[in-house]
Amino acid sequence: MSAGYLVARPVDRTAFMDASLLPPRVRTASSCLARIAPDTWALAWASFDEAERCEAASRFGIPPSRIAELMDWVTQRFDEDFLWPNLFLTLEGAREFCATFVPEDSDAGILGLALSCEDADDLLRLTAPTLGEGETGLHRCLARRLPPREGGLCLGSEVLGVEAGGTLHSSLCNGLERAFAQQWSAQPNAHGLFDDHALAQRCAVYAGRGEVGAEPVPWRAWVLTEYPRTVGGTS
């Protein structure tokens, strides 16, 4: 089931990641690791100063002269096609953002997120807003109950945990790639993801065990698919 779309850059392997298991660059939907645009910094009413907004935009090659335009674009679309904290509801919305603001030579890509129907139903329940809370982008996307869009390149499955507010954590933030390898000889692919979704689901169950010491959040296996930034383009 589709869980929305992110515009994210690949991540260079860091010192705390296991170089014997992971490639030099990995793909992830976790905002703890990946540069994602737009994010809450692009909302006009969010509490960021000009320097913070400029720094976040510069990571995507967006100059300070376009910050005001970008903020207007994102703020006008908030809660319609751009959702809290950094999801697009549709592939078309993500493509429009890229065409409008992201330089052609940027390595940023559009990542489509998807979950099994069982995991999606579970997260719908767990992320449902309580009285007085706003709806997260993840809940809004899952509530549509749409299948993933065709036309993308499946990169693999990632073990991600969902924080309150819809922020995603990667198992890589917790160094769990070593534990996964020890438990199931799990070997990430060239994108740092798992080709076997069932294996990723087993790893997600493991990550959720209290004794493992990962963030106490719902961990699930997510399929990451890269889509061309333009219609008819290549991933």
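Is D79 buried, partly exposed or exposed? D79 is partly exposed, because its relative accessible area is 46%, and our scale calls a residue buried under 20%, exposed over 50% and partly exposed in between, with a 1.4 Å probe and protein chains only.

Hello everyone, and a word on the ground rules. This is a predicted model, so local features need pLDDT of at least 70 and side-chain atom pairs count only at pLDDT 80 or more, while totals for chains, interfaces and linings use all residues. Residues are numbered from 1 along each chain as its sequence is written, and side-chain values use heavy atoms, with hydrogens and water left out.

Let's stay with D79 for a moment. D79 sits in the loop between α2 and β4; helices here are DSSP runs of H or I with at least four residues, strands are runs of E with at least two, and both are numbered from the N terminus. D79 is not a glycine, yet its phi is positive, about 70°. For background, most residues other than glycine have a negative phi, and most peptide bonds are trans. R145 is another non-glycine with a positive phi, about 55°. You will find R145 in the loop between α5 and β7, and R145 is partly exposed, with a relative accessible area of 49%.

On to the peptide bonds. The one from A37 to P38 is cis, with omega near -10°, and P38 lies in the loop between β3 and α1. The bond from W84 to P85 is cis as well, with omega near -5°; P85 belongs to the loop between β4 and β5.

What covers the buried residues?

A salt bridge here is a side-chain nitrogen of Lys or Arg within 4 Å of a carboxyl oxygen of Asp or Glu, and the count comes to 15. D119 pairs with R220, with the closest N and O atoms 3.8 Å apart. This pair links distant parts of the chain, R220 in strand β9 and D119 in helix α4, 101 residues apart. Both R220 and D119 are buried.

Another pair to look at is D18 and R178, whose side chains meet at 3.6 Å, N to O. D18 is in the loop between β2 (11–12) and β3 (25–26) and R178 is in helix α6 (residues 176–184), so the bridge links distant parts of the chain, 160 residues apart. D18 counts as buried because its relative accessibility is 17%, whereas R178 is partly exposed at 33%.

R59 and E55 also form a salt bridge, with 3.0 Å between the closest N and O atoms. R59 is partly exposed, with a relative accessible area of 29%, and E55 is partly exposed at 45%. There is also a network of salt bridges linking R9, D12, R25 and D107.

Last stop: how do α6 and α7 pack? Their axes are 11 Å apart and meet at an angle of about 115°. Axes are lines fitted to C-alpha atoms, for helices over the stretch in contact, and angles run from 0 to 180 degrees between N-to-C directions. From α6, the contact uses L176, A179, F180, Q183 and W184, and from α7 it uses L199, R202, C203, Y206 and A207. These residues divide into 8 nonpolar, 1 polar and 1 charged, counting Ala, Val, Leu, Ile, Met, Phe, Trp, Tyr, Cys and Pro as nonpolar, Asp, Glu, Lys and Arg as charged, and the others, Gly among them, as polar.

Methods: Contact = heavy atoms within 4.5 Å.
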